[in-house]
Amino acid sequence: MAASAMASSSSSALLRRTVIASSSRHCASTSSAARLTATAQRHNSTSTSESSSASFPRPLPPLSKLTSRRGREPAPPSRIKPTTPTFFTAKPTYISLVLKLQSLLEQSRSLLQSADILPRDAKPPTTEEAALYEAQAEIAAEGGDMASVSMAKAMQKVQRQSPWKKRVEMSEGLGLTLSASQYRQLATSLTTLSRYNGLVQLHFAGNGEAPTAPHLGGAAVDQGTKLAQEMQSTLDEHRRDLGLNARRGDGFTTKSGVDEQGRIWAVGGRKDSSARVWIAPVSQATSGAEESQLPVGDILINGSPLSTYFTRQSHRESIVHPLRLVGLVGQFNIFALTSGGGHSGQAGAIAHGLSKCVVRYFEEKVATEEEGSVKREEWEKLRAGVRSTLAKDGVYKRDPRMVERKKTGLAKARKAYTWVKR
Amino acid sequence: MRASSVAGPSRHTLQRCFSTSHTQAAATAATTTDAPAIAQRRQTRTTLSQLSDLGSTQTRASAWHPREMRTKPPSPREVTMSHLIAATAHVGHSMAKVTKAYQPWIYGTRHGIAQIDIERATLPALRRACRVVRDIVRNDGVVLIVGTQKDASPAVIAAAARMGSHGFHVTTERWTPGVLSNAPKILQRAIMGSMDDYIAQHKSNAAIGGQTAARDSPFADVNSEPSPSKLASQLLQPDVLIVLNPKNNLHAIREATALNIPTIGIVDTDVDPRIVTYPIPANDESLRALELIVGVLSKAGQEGLKDRKLLTDQWERDQVNHARRDKVKRRMAGEGIEAPREVQEEKARAEIFDD
């Protein structure tokens, strides 16, 4: 009964009637034997010449024929096949990466647990712990003393590490367009993996300092070394290339820099205006006669002095405001180029750019000092103080307020027409 | 790569027998990752392994674990009714939901739930499907496994991997509609990314003297390079589609049917079995049954892969021998020496079979 239900004739008749199969005029073929015979007949070429281009591979001879030397037919060459197992997902590179990250995570977790480094059912190490392990692994690789690593230094190092690639960059790397949720999934997986990376590098990267588990066999140790290499390379592959900003203390990535003549520049914006601002510290030893006087910095905007370009007092004050907050009025020569918007917008843009310049100036001072020296720590304190002051005031942040659009049915963005009762 | 032999009384039982200081230390070790904690855990492991000789001979290595369904599934010849019933593959849905075409495969009811006839329906269907997969892989076909349940991914990926370069999967995310029926558009990016690979494959096939089209096509031409649209719509299409949850993947089944690609599916009692070419009546909601069935199918594919390898190895050896014989023949023809008996025989055979 069951066999008859699966018999060729009834199933083929039923298939033709089903809604899902009705869209195709040529239904799926009948029984397995019939299918294979049909395929064989359709594909079987009577011609023995292999140069016939329209012929299909002849069905392979049964294995029994291999025993006789005569009558053995050559096997046909391989057909073209998709290159990755995820080809039919339509986003093979993305799915492959997701699966690779999952598998690396699973492998590292199981390896660490079987080596008793992590307890069973342990949560992933916290960011601080992970930073410590990474720092220890780095020092162990160089051959130093692991105990010398402090938590603070480790955290600094981690903060200086670049974040993951941006969505556009990652999309380019994968060769397809990532949606926001897809990118978020990748970034989360990468972050979780990076939290285990420290432990894996420390114990399995073959640094020699940390002893691996004695009960693990040689094969497990090899697997651990391979895993450590693969994890490190996968994580590095997806880190953003920060370029010039890489050596900053806190991984800050605003648009600012130092030009060839040592002047600090930055870009500021407000409403529809944008400004490029250059500052240079006023040299202390200018001339003997002016030594006793306080240094006075010049401010030039689009080639004109401040007083000429901005006639309104409030605009002038808003530009000087960042310097006044940190007590550096007159210490810098300022040159700004602005365009777009109106007077208030341009003044705000210059103020924004100027505050970024000031912070960048202190960052450069920190970077030029030797790492670990007292001077560097002093400059670092100054930098932190300046940045926090400017940030608290709000001039360091790009004011996001823009002109609101006019809506249909209203006179302006919010203003409504006079309400009429009837 | 797990440490062997934690046998006998459980770890917790043994730890309770230890002194209080040890258990306290063990408790703190459960939460920390520093060197003393690691040493504590390793000491516990060493002690337990030393005591393992006192317990039973059943060890972690010798006992069955659910993960073995994924890592070591039974082969088509080994799978039995017991395997399927232990995996709850016989449990269907309520009798009210049983489709008409499914009726012959119901063994009976239990608590109002339909029970699938494992002996007369599931096993024969599974073996038939295994034979199909094996023969398709043996004939250099492409097998695509679609299993979109969240927990099915590891089993599906392992199954596809067992079939080497012939196995493909759609598992982490849903089936993208149009992958088969609108392939030139949907798969364009994926193909363009690997175009060099496909051209290289085509060239090596052409050099051997074979053809490249997977389906009967008047456009199969060895001399021209395959275009991306031809690759998508003809050359790179699968030869069989295995669907592990047909209820949720009707798009996939419909596309395959429209393109005359045979489908294998695990059909439950509330699904019309006629939507797929080779239905396997079984429970589609049980992860264990799914892992068992896809594992068995992949083992069949593995067998087909082995057969193919045997045949291609033999073919390669034949190529070498043919080339050697050709060389000898040419030399003899050049020198006017009479060909040996073997060569004469082969010539005669060729004359007979070549017309």
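Okay, let's start with the neighbours of B:Leu297. Leaving aside residues up to four places away in sequence, B:Leu297 touches B:Leu126, B:Ala129, B:Cys130, B:Val133, B:Ile242 and B:Ile280. Keep in mind that this is a predicted model.

So where does B:Leu297 sit? You'll find B:Leu297 in helix H13 of chain B, the one covering residues 287-335. Now pick out one of those partners, B:Ala129. Along the sequence, B:Leu297 and B:Ala129 are 168 residues apart, yet their C-alphas are 7.3 Å apart in space.

And is B:Leu297 buried or exposed? Its relative accessibility is 1%, and because buried means under 20%, B:Leu297 counts as buried.

Staying on chain B, let's hop over to helix H3, residues 35-51. H3 of chain B has 17 residues, and from first C-alpha to last it reaches 24 Å, close to the 24 Å you'd expect at 1.5 Å a residue. Which residues of H3(B) are buried? They are B:Ala37, B:Ile38, B:Gln40, B:Arg41, B:Arg42, B:Thr44, B:Arg45 and B:Leu48. Have a look at the arginines in there: B:Arg41, B:Arg42 and B:Arg45 are among the buried ones.

Chain A has 14 helices and 6 strands. There are 422 residues in chain A, and 40% of them count as buried. As for contacts in chain A with a separation of 6 or more, residues 24 or more positions apart account for 64% of them.

Notes. Residues numbered from 1 in each chain as written. Chains lettered and ligands numbered in written order. Predicted model: local features only at pLDDT ≥ 70, side-chain atom pairs only at ≥ 80, totals over all residues. Heavy atoms only, no water. Helix = DSSP H or I, 4+ residues; strand = E, 2+ residues; numbered from the N terminus. Expected span 1.5 Å × (residues − 1). Buried < 20%, exposed > 50% of the residue type's maximum accessible area, 1.4 Å probe, protein only. Contact = heavy atoms within 4.5 Å.
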